Amino acid sequence: MSAQVPKARRITCIGFDWRAEVSLKETLALLRGKTREPWQYSDELTADVVVYETHNVLAQAMVRRSAAENTGRVFFPSSSEDDSVLTLRYPFGASRLVACLDSASLQLQGRVPATEQAEAPSLCQRLDDALRAPGTLAVSIRAGDQQGWLRLPERELHWSQPLGVDEIAGLLSGEVEVEALGPTEGAALRRLEAAARHPAPAEGLLWAIGIARSKGSLLPRLDIARPCRLRRWPDFGAIGRRSLDIRCASLLTQRELAPSHLAMMAGIPLGVLGNFLNACALVGVLEPGKAQPAAAPAPQAHALPQESGLGSVLRRIRTALAIGQ
Amino acid sequence: MREYKLLFAGPMGAGKTTAIAAISDAAPVRTEAVNSDRVQHSKELTTVGFDYGEIALDGGDRLRLYGMPGQDRFDFMWKVASEGALGVVLLSDNSRPEPLKDLALYVESFRAMAERGAMVIGIGRLGSGHTSVESYTAWLAGQGLSLPVFTVDVRRRDDVLLLLDALLYQIEAARLLADTPHA
(Lines give C-alpha, C1' and ligand atoms only; values in the text may rest on other atoms or scores of the structure.)
Protein backbone atom coordinates (compact mmCIF):
# COMPACT_ATOMS: atom_id res chain seq x y z
CA MET A 1 0.00 0.00 0.00
CA SER A 2 1.52 3.32 -0.98
CA ALA A 3 1.48 6.32 1.33
CA GLN A 4 -1.00 9.01 0.30
CA VAL A 5 0.68 12.17 -0.97
CA PRO A 6 -0.87 15.18 0.77
CA LYS A 7 -2.64 17.53 -1.63
CA ALA A 8 -0.91 20.86 -2.03
CA ARG A 9 -2.63 23.98 -0.82
CA ARG A 10 -2.67 26.90 -3.20
CA ILE A 11 -1.49 30.47 -2.86
CA THR A 12 -1.92 33.41 -5.22
CA CYS A 13 -1.15 37.12 -5.19
CA ILE A 14 -3.10 40.15 -6.38
CA GLY A 15 -2.24 43.78 -7.01
CA PHE A 16 1.51 43.30 -7.33
CA ASP A 17 3.80 43.79 -10.28
CA TRP A 18 4.38 40.62 -12.36
CA ARG A 19 7.85 40.33 -10.89
CA ALA A 20 6.28 39.63 -7.52
CA GLU A 21 4.27 36.80 -9.04
CA VAL A 22 7.37 35.25 -10.59
CA SER A 23 9.29 35.73 -7.34
CA LEU A 24 6.53 34.05 -5.31
CA LYS A 25 6.51 31.05 -7.67
CA GLU A 26 10.28 30.72 -7.50
CA THR A 27 10.46 31.11 -3.73
CA LEU A 28 7.71 28.50 -3.27
CA ALA A 29 9.70 26.05 -5.38
CA LEU A 30 12.69 26.57 -3.09
CA LEU A 31 10.62 25.93 0.02
CA ARG A 32 9.56 22.39 -0.89
CA GLY A 33 9.61 20.28 2.27
CA LYS A 34 10.23 23.24 4.58
CA THR A 35 6.59 24.05 5.36
CA ARG A 36 3.97 22.16 7.42
CA GLU A 37 2.04 21.37 4.23
CA PRO A 38 2.96 21.38 0.53
CA TRP A 39 2.11 24.59 -1.33
CA GLN A 40 1.84 25.53 -4.98
CA TYR A 41 1.19 28.77 -6.84
CA SER A 42 -2.17 29.28 -8.50
CA ASP A 43 -3.45 31.87 -10.96
CA GLU A 44 -6.95 31.53 -9.52
CA LEU A 45 -8.31 33.98 -7.01
CA THR A 46 -10.09 31.11 -5.27
CA ALA A 47 -6.77 29.88 -3.82
CA ASP A 48 -6.52 29.03 -0.09
CA VAL A 49 -4.20 31.97 0.56
CA VAL A 50 -4.16 35.36 -1.14
CA VAL A 51 -1.24 37.77 -0.73
CA TYR A 52 -2.40 41.25 -1.67
CA GLU A 53 -0.94 44.69 -2.19
CA THR A 54 -2.51 46.78 0.55
CA HIS A 55 -3.24 49.80 -1.63
CA ASN A 56 -4.87 47.84 -4.46
CA VAL A 57 -8.58 48.74 -4.51
CA LEU A 58 -9.70 45.48 -6.07
CA ALA A 59 -7.72 43.47 -3.52
CA GLN A 60 -9.26 45.46 -0.68
CA ALA A 61 -12.69 44.72 -2.07
CA MET A 62 -11.90 41.01 -2.32
CA VAL A 63 -10.81 40.92 1.32
CA ARG A 64 -13.99 42.66 2.42
CA ARG A 65 -16.12 40.36 0.34
CA SER A 66 -14.36 37.23 1.53
CA ALA A 67 -14.83 38.30 5.15
CA ALA A 68 -18.52 39.01 4.55
CA GLU A 69 -19.06 35.62 2.92
CA ASN A 70 -16.90 33.79 5.46
CA THR A 71 -14.99 31.91 2.77
CA GLY A 72 -12.26 30.90 5.20
CA ARG A 73 -9.63 32.03 2.74
CA VAL A 74 -6.50 33.47 4.38
CA PHE A 75 -5.26 36.90 3.31
CA PHE A 76 -1.84 38.41 3.91
CA PRO A 77 -1.49 42.16 3.25
CA SER A 78 1.75 43.68 1.99
CA SER A 79 1.74 46.08 4.94
CA SER A 80 -0.22 46.85 8.08
CA GLU A 81 -0.17 49.46 10.81
CA ASP A 82 -1.01 46.67 13.27
CA ASP A 83 2.27 44.96 14.29
CA SER A 84 0.44 41.76 15.23
CA VAL A 85 -0.72 41.22 11.63
CA LEU A 86 1.52 38.96 9.54
CA THR A 87 2.47 40.82 6.39
CA LEU A 88 4.17 39.64 3.24
CA ARG A 89 5.93 42.27 1.22
CA TYR A 90 7.70 41.93 -2.12
CA PRO A 91 10.55 40.92 -2.36
CA PHE A 92 9.31 37.89 -0.45
CA GLY A 93 11.87 36.60 2.05
CA ALA A 94 11.94 32.81 2.38
CA SER A 95 11.70 32.70 6.19
CA ARG A 96 8.86 35.22 6.22
CA LEU A 97 7.02 33.23 3.57
CA VAL A 98 7.44 30.01 5.59
CA ALA A 99 6.04 31.77 8.67
CA CYS A 100 3.03 33.00 6.71
CA LEU A 101 2.35 29.64 5.07
CA ASP A 102 2.61 27.75 8.37
CA SER A 103 0.34 30.28 10.02
CA ALA A 104 -2.12 29.80 7.15
CA SER A 105 -1.92 26.02 7.55
CA LEU A 106 -2.99 26.36 11.18
CA GLN A 107 -5.85 28.66 10.24
CA LEU A 108 -6.95 26.32 7.46
CA GLN A 109 -6.67 23.18 9.59
CA GLY A 110 -9.48 20.77 8.86
CA ARG A 111 -10.36 22.47 5.60
CA VAL A 112 -9.93 20.56 2.37
CA PRO A 113 -7.42 22.30 0.07
CA ALA A 114 -9.14 24.44 -2.55
CA THR A 115 -9.17 22.54 -5.80
CA GLU A 116 -7.68 23.79 -9.01
CA GLN A 117 -10.30 23.83 -11.73
CA ALA A 118 -7.77 23.14 -14.43
CA GLU A 119 -9.99 20.93 -16.51
CA ALA A 120 -12.70 23.56 -16.99
CA PRO A 121 -12.12 26.37 -19.47
CA SER A 122 -11.32 29.71 -17.89
CA LEU A 123 -13.98 32.41 -17.55
CA CYS A 124 -11.95 34.42 -20.03
CA GLN A 125 -12.19 31.64 -22.59
CA ARG A 126 -15.91 31.00 -21.99
CA LEU A 127 -16.67 34.69 -22.38
CA ASP A 128 -14.53 34.97 -25.50
CA ASP A 129 -16.29 31.94 -27.01
CA ALA A 130 -19.69 33.48 -26.22
CA LEU A 131 -18.73 36.87 -27.68
CA ARG A 132 -17.51 35.23 -30.88
CA ALA A 133 -20.22 32.62 -31.36
CA PRO A 134 -21.85 33.11 -34.77
CA GLY A 135 -25.11 35.08 -34.62
CA THR A 136 -24.61 36.27 -31.05
CA LEU A 137 -26.65 39.40 -30.32
CA ALA A 138 -25.86 39.60 -26.62
CA VAL A 139 -24.07 37.71 -23.87
CA SER A 140 -25.82 37.12 -20.58
CA ILE A 141 -23.58 37.30 -17.49
CA ARG A 142 -24.76 35.98 -14.15
CA ALA A 143 -22.75 35.98 -10.93
CA GLY A 144 -24.55 35.33 -7.66
CA ASP A 145 -27.47 37.74 -7.58
CA GLN A 146 -25.94 40.00 -10.24
CA GLN A 147 -27.41 39.80 -13.72
CA GLY A 148 -25.90 41.63 -16.63
CA TRP A 149 -25.68 41.53 -20.37
CA LEU A 150 -23.40 42.73 -23.10
CA ARG A 151 -25.03 43.96 -26.27
CA LEU A 152 -23.13 43.23 -29.47
CA PRO A 153 -21.56 44.54 -31.57
CA GLU A 154 -21.44 47.76 -29.51
CA ARG A 155 -20.30 45.89 -26.37
CA GLU A 156 -22.60 47.95 -24.20
CA LEU A 157 -22.82 46.51 -20.71
CA HIS A 158 -25.92 46.70 -18.51
CA TRP A 159 -26.50 45.43 -14.98
CA SER A 160 -29.56 44.80 -12.89
CA GLN A 161 -28.17 47.27 -10.34
CA PRO A 162 -25.25 49.72 -10.24
CA LEU A 163 -22.07 47.82 -9.38
CA GLY A 164 -19.35 49.10 -7.08
CA VAL A 165 -15.84 47.81 -6.75
CA ASP A 166 -16.95 45.20 -4.15
CA GLU A 167 -19.42 43.65 -6.54
CA ILE A 168 -16.87 43.68 -9.36
CA ALA A 169 -14.41 41.93 -7.04
CA GLY A 170 -17.10 39.35 -6.31
CA LEU A 171 -17.58 38.79 -10.00
CA LEU A 172 -13.89 38.22 -10.45
CA SER A 173 -13.45 35.82 -7.57
CA GLY A 174 -16.63 33.76 -7.76
CA GLU A 175 -18.57 31.57 -10.13
CA VAL A 176 -19.76 33.37 -13.25
CA GLU A 177 -22.15 31.96 -15.85
CA VAL A 178 -22.02 33.31 -19.37
CA GLU A 179 -24.40 32.49 -22.20
CA ALA A 180 -24.51 33.64 -25.80
CA LEU A 181 -27.95 34.77 -26.92
CA GLY A 182 -28.82 34.69 -30.60
CA PRO A 183 -31.84 35.63 -32.74
CA THR A 184 -33.83 32.63 -31.52
CA GLU A 185 -33.60 33.76 -27.88
CA GLY A 186 -35.67 36.90 -28.43
CA ALA A 187 -37.75 36.38 -25.32
CA ALA A 188 -34.68 35.93 -23.11
CA LEU A 189 -33.15 39.05 -24.62
CA ARG A 190 -36.26 41.11 -23.92
CA ARG A 191 -36.30 39.87 -20.33
CA LEU A 192 -32.67 40.94 -19.93
CA GLU A 193 -33.36 44.34 -21.43
CA ALA A 194 -36.18 44.85 -18.97
CA ALA A 195 -34.30 43.52 -15.94
CA ALA A 196 -30.85 45.01 -16.44
CA ARG A 197 -30.94 48.69 -17.32
CA HIS A 198 -27.96 50.19 -15.51
CA PRO A 199 -25.26 50.96 -18.08
CA ALA A 200 -21.63 50.41 -17.05
CA PRO A 201 -18.33 50.66 -18.91
CA ALA A 202 -17.69 47.25 -20.46
CA GLU A 203 -13.97 47.75 -21.05
CA GLY A 204 -13.05 47.66 -17.36
CA LEU A 205 -14.86 44.40 -16.66
CA LEU A 206 -13.64 42.66 -19.82
CA TRP A 207 -10.09 43.77 -19.10
CA ALA A 208 -10.22 42.55 -15.51
CA ILE A 209 -11.57 39.15 -16.60
CA GLY A 210 -8.75 38.82 -19.13
CA ILE A 211 -6.12 39.68 -16.52
CA ALA A 212 -7.54 37.80 -13.54
CA ARG A 213 -9.55 34.88 -14.96
CA SER A 214 -7.36 33.44 -17.72
CA LYS A 215 -5.82 30.62 -15.63
CA GLY A 216 -2.49 31.61 -17.11
CA SER A 217 -3.37 30.24 -20.56
CA LEU A 218 -3.40 32.09 -23.84
CA LEU A 219 -6.82 31.96 -25.51
CA PRO A 220 -6.87 29.04 -27.98
CA ARG A 221 -7.58 31.41 -30.88
CA LEU A 222 -4.30 33.22 -30.22
CA ASP A 223 -1.08 31.69 -31.43
CA ILE A 224 2.29 32.50 -29.89
CA ALA A 225 3.88 32.46 -33.35
CA ARG A 226 1.25 34.50 -35.20
CA PRO A 227 1.90 38.26 -35.32
CA CYS A 228 -0.78 40.51 -33.93
CA ARG A 229 -1.18 44.19 -33.17
CA LEU A 230 -3.34 46.59 -31.18
CA ARG A 231 -5.67 48.71 -33.30
CA ARG A 232 -5.85 51.23 -30.46
CA TRP A 233 -4.67 51.69 -26.89
CA PRO A 234 -6.91 50.37 -24.11
CA ASP A 235 -8.02 53.27 -21.92
CA PHE A 236 -5.73 52.66 -18.96
CA GLY A 237 -7.16 55.77 -17.33
CA ALA A 238 -10.45 53.92 -16.95
CA ILE A 239 -9.33 50.32 -16.44
CA GLY A 240 -6.32 50.78 -14.18
CA ARG A 241 -2.62 50.96 -14.78
CA ARG A 242 0.01 48.23 -14.75
CA SER A 243 3.33 49.22 -16.20
CA LEU A 244 3.84 45.92 -18.00
CA ASP A 245 0.54 46.40 -19.87
CA ILE A 246 1.59 49.88 -20.94
CA ARG A 247 4.96 48.59 -22.06
CA CYS A 248 3.39 45.84 -24.18
CA ALA A 249 0.77 48.19 -25.61
CA SER A 250 3.42 50.68 -26.70
CA LEU A 251 5.19 47.93 -28.65
CA LEU A 252 2.05 46.36 -30.14
CA THR A 253 0.59 49.66 -31.32
CA GLN A 254 3.82 50.57 -33.09
CA ARG A 255 4.47 47.22 -34.78
CA GLU A 256 2.77 43.87 -35.23
CA LEU A 257 4.62 41.19 -33.28
CA ALA A 258 4.17 37.51 -32.49
CA PRO A 259 3.52 36.98 -28.75
CA SER A 260 6.74 34.98 -28.47
CA HIS A 261 8.64 37.89 -30.01
CA LEU A 262 6.82 40.45 -27.86
CA ALA A 263 7.64 38.51 -24.68
CA MET A 264 11.31 38.61 -25.59
CA MET A 265 11.33 42.30 -26.48
CA ALA A 266 9.40 43.33 -23.39
CA GLY A 267 11.40 41.00 -21.16
CA ILE A 268 8.20 39.49 -19.75
CA PRO A 269 7.47 35.76 -19.28
CA LEU A 270 5.02 34.40 -21.85
CA GLY A 271 2.74 33.15 -19.06
CA VAL A 272 2.34 36.69 -17.74
CA LEU A 273 2.04 38.20 -21.21
CA GLY A 274 -0.80 35.79 -22.00
CA ASN A 275 -3.13 37.53 -19.56
CA PHE A 276 -2.42 40.89 -21.20
CA LEU A 277 -3.10 39.50 -24.68
CA ASN A 278 -6.29 37.78 -23.50
CA ALA A 279 -7.50 41.03 -21.97
CA CYS A 280 -6.78 42.91 -25.22
CA ALA A 281 -8.65 40.22 -27.16
CA LEU A 282 -11.69 40.39 -24.89
CA VAL A 283 -11.80 44.18 -25.07
CA GLY A 284 -11.62 43.89 -28.86
CA VAL A 285 -8.43 45.87 -29.51
CA LEU A 286 -6.24 42.92 -30.57
CA GLU A 287 -6.26 42.08 -34.24
CA PRO A 288 -4.27 39.66 -36.36
CA GLY A 289 -1.27 41.07 -38.14
CA LYS A 290 -0.67 40.83 -41.85
CA ALA A 291 2.64 39.01 -41.61
CA GLN A 292 2.90 35.21 -41.73
CA PRO A 293 3.50 33.29 -38.51
CA ALA A 294 7.14 33.63 -37.62
CA ALA A 295 9.54 31.05 -36.38
CA ALA A 296 10.47 31.67 -32.78
CA PRO A 297 13.29 34.22 -32.78
CA ALA A 298 16.67 33.10 -31.60
CA PRO A 299 17.11 34.21 -28.00
CA GLN A 300 20.05 36.43 -28.81
CA ALA A 301 18.44 38.02 -31.87
CA HIS A 302 16.38 40.56 -29.99
CA ALA A 303 18.04 40.73 -26.64
CA LEU A 304 17.63 44.17 -25.12
CA PRO A 305 20.35 46.39 -26.51
CA GLN A 306 22.97 48.00 -24.36
CA GLU A 307 21.49 51.00 -22.59
CA SER A 308 21.86 54.03 -24.82
CA GLY A 309 22.08 57.64 -23.71
CA LEU A 310 18.34 58.03 -24.23
CA GLY A 311 17.69 54.76 -22.41
CA SER A 312 19.62 56.03 -19.42
CA VAL A 313 17.61 59.28 -19.38
CA LEU A 314 14.29 57.41 -19.52
CA ARG A 315 15.40 55.07 -16.74
CA ARG A 316 16.43 57.96 -14.52
CA ILE A 317 13.14 59.78 -15.12
CA ARG A 318 11.32 56.59 -14.08
CA THR A 319 13.45 56.34 -10.97
CA ALA A 320 12.74 59.98 -10.05
CA LEU A 321 8.99 59.47 -10.50
CA ALA A 322 8.96 55.91 -9.10
CA ILE A 323 7.06 54.53 -12.08
CA GLY A 324 7.28 51.40 -14.20
CA GLN A 325 10.34 49.82 -12.70
CA MET B 1 24.70 68.97 -15.66
CA ARG B 2 22.45 68.00 -18.53
CA GLU B 3 18.91 69.21 -19.01
CA TYR B 4 16.01 67.48 -20.71
CA LYS B 5 12.53 68.79 -21.28
CA LEU B 6 8.96 67.56 -21.45
CA LEU B 7 6.11 69.69 -22.70
CA PHE B 8 2.52 69.94 -21.52
CA ALA B 9 0.15 71.42 -24.08
CA GLY B 10 -3.57 71.83 -24.57
CA PRO B 11 -6.27 74.45 -24.58
CA MET B 12 -6.82 76.96 -21.81
CA GLY B 13 -8.24 75.28 -18.71
CA ALA B 14 -7.23 71.73 -19.66
CA GLY B 15 -5.06 71.36 -16.56
CA LYS B 16 -1.47 71.85 -17.72
CA THR B 17 -0.50 73.90 -14.68
CA THR B 18 -2.17 71.38 -12.35
CA ALA B 19 -0.43 68.44 -14.03
CA ILE B 20 2.99 70.04 -13.68
CA ALA B 21 2.32 70.91 -10.05
CA ALA B 22 1.42 67.24 -9.41
CA ILE B 23 4.88 65.95 -10.32
CA SER B 24 7.33 68.85 -10.03
CA ASP B 25 9.89 68.64 -7.22
CA ALA B 26 9.13 72.20 -6.19
CA ALA B 27 6.06 74.36 -6.64
CA PRO B 28 6.04 75.34 -10.31
CA VAL B 29 6.83 78.84 -11.44
CA ARG B 30 3.63 80.23 -12.85
CA THR B 31 3.30 83.10 -15.22
CA GLU B 32 -0.37 83.83 -14.92
CA ALA B 33 -2.31 86.96 -15.75
CA VAL B 34 -5.94 87.98 -15.68
CA ASN B 35 -7.73 86.06 -18.39
CA SER B 36 -8.82 88.54 -21.04
CA ASP B 37 -10.33 85.78 -23.19
CA ARG B 38 -13.47 84.78 -21.30
CA VAL B 39 -14.96 83.44 -24.53
CA GLN B 40 -12.36 80.64 -24.58
CA HIS B 41 -12.63 79.84 -20.89
CA SER B 42 -14.22 81.40 -17.85
CA LYS B 43 -11.27 80.99 -15.48
CA GLU B 44 -9.96 84.20 -13.94
CA LEU B 45 -6.24 83.64 -14.38
CA THR B 46 -4.47 82.01 -17.29
CA THR B 47 -0.89 81.20 -18.28
CA VAL B 48 0.62 83.84 -20.55
CA GLY B 49 4.21 82.64 -20.64
CA PHE B 50 5.46 79.19 -19.75
CA ASP B 51 4.60 77.30 -16.63
CA TYR B 52 7.76 75.77 -15.37
CA GLY B 53 8.55 72.89 -13.06
CA GLU B 54 11.48 70.52 -12.74
CA ILE B 55 12.48 67.09 -11.52
CA ALA B 56 15.98 66.23 -10.32
CA LEU B 57 17.48 63.13 -11.94
CA ASP B 58 20.27 60.85 -10.70
CA GLY B 59 23.69 62.22 -11.60
CA GLY B 60 22.68 65.85 -11.12
CA ASP B 61 20.76 66.16 -14.39
CA ARG B 62 17.36 67.86 -14.54
CA LEU B 63 14.10 67.24 -16.32
CA ARG B 64 12.42 70.52 -17.09
CA LEU B 65 8.64 70.57 -17.41
CA TYR B 66 7.14 73.31 -19.57
CA GLY B 67 3.46 74.12 -19.74
CA MET B 68 2.65 75.84 -23.00
CA PRO B 69 0.27 78.80 -22.89
CA GLY B 70 -3.11 77.54 -24.11
CA GLN B 71 -4.20 80.28 -26.46
CA ASP B 72 -3.31 79.62 -30.07
CA ARG B 73 -1.95 83.14 -30.49
CA PHE B 74 1.08 81.80 -28.63
CA ASP B 75 1.67 78.99 -31.12
CA PHE B 76 5.04 80.46 -32.12
CA MET B 77 6.21 79.58 -28.60
CA TRP B 78 5.06 75.97 -29.01
CA LYS B 79 7.37 75.48 -31.98
CA VAL B 80 10.35 77.03 -30.23
CA ALA B 81 9.78 74.94 -27.11
CA SER B 82 9.42 71.67 -28.99
CA GLU B 83 13.00 71.82 -30.26
CA GLY B 84 14.93 69.15 -28.40
CA ALA B 85 11.97 68.09 -26.25
CA LEU B 86 11.70 64.40 -25.30
CA GLY B 87 7.94 64.41 -25.82
CA VAL B 88 4.66 66.14 -25.19
CA VAL B 89 1.66 65.47 -22.99
CA LEU B 90 -1.45 66.82 -24.72
CA LEU B 91 -4.33 67.55 -22.40
CA SER B 92 -7.83 67.84 -23.80
CA ASP B 93 -10.82 69.42 -22.09
CA ASN B 94 -13.77 67.36 -23.27
CA SER B 95 -16.27 69.91 -21.97
CA ARG B 96 -15.20 72.37 -24.66
CA PRO B 97 -17.45 72.70 -27.69
CA GLU B 98 -15.12 71.07 -30.23
CA PRO B 99 -12.41 69.05 -28.48
CA LEU B 100 -11.35 67.24 -31.66
CA LYS B 101 -10.77 70.59 -33.37
CA ASP B 102 -8.58 71.59 -30.42
CA LEU B 103 -6.76 68.29 -30.69
CA ALA B 104 -6.11 68.82 -34.40
CA LEU B 105 -4.47 72.18 -33.71
CA TYR B 106 -2.07 70.76 -31.13
CA VAL B 107 -1.30 67.53 -32.98
CA GLU B 108 -0.43 69.59 -36.05
CA SER B 109 1.74 71.96 -34.03
CA PHE B 110 3.66 69.06 -32.47
CA ARG B 111 3.41 66.79 -35.50
CA ALA B 112 7.05 65.71 -35.51
CA MET B 113 6.76 64.36 -31.97
CA ALA B 114 3.42 62.70 -32.75
CA GLU B 115 4.93 60.87 -35.71
CA ARG B 116 7.74 59.45 -33.64
CA GLY B 117 5.30 58.36 -30.98
CA ALA B 118 6.47 60.88 -28.40
CA MET B 119 2.99 62.14 -27.61
CA VAL B 120 0.30 61.02 -25.18
CA ILE B 121 -3.21 62.41 -24.85
CA GLY B 122 -5.11 62.83 -21.61
CA ILE B 123 -8.82 63.58 -21.81
CA GLY B 124 -10.23 65.53 -18.90
CA ARG B 125 -13.90 66.05 -18.03
CA LEU B 126 -14.94 63.19 -20.30
CA GLY B 127 -18.45 63.03 -18.88
CA SER B 128 -19.03 66.75 -19.42
CA GLY B 129 -18.87 66.42 -23.18
CA HIS B 130 -20.26 64.32 -25.98
CA THR B 131 -17.01 63.22 -27.61
CA SER B 132 -16.09 59.62 -26.76
CA VAL B 133 -12.61 58.20 -26.27
CA GLU B 134 -13.23 56.14 -29.43
CA SER B 135 -13.81 59.38 -31.37
CA TYR B 136 -10.38 60.61 -30.31
CA THR B 137 -8.66 57.36 -31.30
CA ALA B 138 -10.60 57.20 -34.58
CA TRP B 139 -9.59 60.78 -35.40
CA LEU B 140 -5.94 59.93 -34.67
CA ALA B 141 -6.17 56.75 -36.77
CA GLY B 142 -7.44 58.91 -39.62
CA GLN B 143 -4.22 60.91 -39.24
CA GLY B 144 -2.17 57.71 -39.39
CA LEU B 145 -1.35 57.98 -35.67
CA SER B 146 -1.76 55.40 -32.91
CA LEU B 147 -1.10 57.26 -29.69
CA PRO B 148 -2.04 56.52 -26.08
CA VAL B 149 -5.37 58.18 -25.24
CA PHE B 150 -6.54 57.97 -21.63
CA THR B 151 -9.32 59.49 -19.59
CA VAL B 152 -7.66 61.31 -16.71
CA ASP B 153 -8.20 63.70 -13.86
CA VAL B 154 -4.92 65.60 -13.63
CA ARG B 155 -5.69 66.63 -10.07
CA ARG B 156 -4.73 63.04 -9.25
CA ARG B 157 -0.97 62.52 -9.32
CA ASP B 158 -1.46 58.89 -10.33
CA ASP B 159 -3.24 59.96 -13.50
CA VAL B 160 -0.39 62.30 -14.43
CA LEU B 161 2.07 59.46 -13.78
CA LEU B 162 0.01 57.21 -16.06
CA LEU B 163 0.47 59.74 -18.87
CA LEU B 164 4.21 59.96 -18.25
CA ASP B 165 4.59 56.17 -17.92
CA ALA B 166 2.95 55.73 -21.33
CA LEU B 167 4.95 58.54 -22.90
CA LEU B 168 8.26 57.09 -21.70
CA TYR B 169 7.32 53.60 -22.94
CA GLN B 170 6.28 55.07 -26.28
CA ILE B 171 9.69 56.70 -26.68
CA GLU B 172 11.46 53.55 -25.51
CA ALA B 173 9.43 51.28 -27.82
CA ALA B 174 10.13 53.48 -30.84
CA ARG B 175 13.85 53.29 -30.07
CA LEU B 176 13.76 49.52 -29.47
CA LEU B 177 11.78 48.85 -32.67
CA ALA B 178 14.06 51.08 -34.72
CA ASP B 179 16.93 48.79 -33.69
CA THR B 180 14.94 45.62 -34.46
CA PRO B 181 14.42 44.32 -37.98
CA HIS B 182 10.90 43.31 -39.02
CA ALA B 183 10.27 39.59 -38.53
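A residue is called buried if 20 or more other C-beta atoms lie within 10 Å of its own. By this criterion, buried residues make up 48% of the 183 residues in chain B. The structure discussed here is a predicted model.

## Chain B

The secondary structure of chain B consists of six helices and eight strands. Read from the N terminus, its elements follow the order β-α-β-β-β-β-α-β-α-α-β-α-β-α. Among contacts in chain B between residues at least 6 apart in sequence, 68% link residues at least 24 apart.

## The nonpolar core

The largest nonpolar core contains 136 residues, and the members that touch the most others are A:Val139, A:Leu262, B:Phe8, B:Val89, B:Met119 and B:Leu163. Helix H6 of chain B, residues 157-178, provides the largest share of this core, namely eleven residues.

B:Phe8 deserves a separate description. Leaving out residues up to four places away in sequence, B:Phe8 touches B:Lys16, B:Ala19, B:Ile20, B:Leu65, B:Tyr66, B:Gly67, B:Met68, B:Val89 and B:Leu91.

What makes B:Leu91 count as buried? B:Leu91 has 27 other C-beta atoms within 10 Å and is therefore buried. This residue belongs to strand E6 of chain B, residues 87-93. Apart from its neighbours within four places in sequence, B:Leu91 is in contact with B:Phe8, B:Gly10, B:Ala14, B:Gly15, B:Lys16, B:Ala19, B:Gly122, B:Gly124 and B:Val154.

In chain A, A:Ala104 is located in helix H3, residues 94-107. A:Ala104 counts as buried because it has 23 C-beta neighbours inside 10 Å. Not counting residues up to four places away in sequence, A:Ala104 touches A:Asp48, A:Val49 and A:Val74.

| Pair | Separation in sequence | C-alpha to C-alpha distance |
|---|---|---|
| A:Ala104 and A:Ile246 | 142 residues | 35 Å |
| B:Leu91 and B:Gly59 | 32 residues | 31 Å |

## A helix pair in chain A

Two packed helices are described by the angle between their axes and the distance between the axes. Helix H7 (residues 202-212) and helix H11 (residues 270-283) of chain A pack at an angle of about 150°, and their axes are 7 Å apart. H7(A) is therefore roughly antiparallel to H11(A), a description applied to angles over 145 degrees. The crossing of H7(A) and H11(A) is right-handed.

Which residues of H7(A) and H11(A) meet? On the side of H7(A) they are A:Glu203, A:Leu206, A:Trp207, A:Ile209, A:Gly210 and A:Ile211, and on the side of H11(A) they are A:Asn275, A:Asn278, A:Ala279, A:Leu282 and A:Val283. The residues of this contact comprise seven nonpolar, three polar and one charged.

## The contact between the chains

How many residues does each chain bring to the contact? Chain A contributes 34 residues and chain B contributes 37 residues. On the side of chain A that touches chain B, at least two residues each come from helix H8 (236-239), helix H9 (243-254), helix H10 (259-266) and helix H12 (309-321) of chain A. H12(A) supplies the largest share of this side, nine residues.

Note on methods
Residues numbered from 1 in each chain as written. Chains lettered and ligands numbered in written order. Predicted model: local features only at pLDDT ≥ 70, side-chain atom pairs only at ≥ 80, totals over all residues. Core = buried A, V, L, I, M, F, W, Y, C linked by C-beta atoms within 7 Å. Buried ≥ 20, exposed ≤ 12 C-beta atoms within 10 Å, placed from the backbone. Helix = DSSP H or I, 4+ residues; strand = E, 2+ residues; numbered from the N terminus. Contact = placed C-beta atoms within 7 Å. Axes fitted to C-alpha atoms, helices over the stretch in contact; angles between N-to-C directions. Parallel < 35°, antiparallel > 145°, perpendicular 65-115°, else oblique. Left-handed = near helix turned anticlockwise from the far one by under 90°. Nonpolar A, V, L, I, M, F, W, Y, C, P; charged D, E, K, R; others polar.
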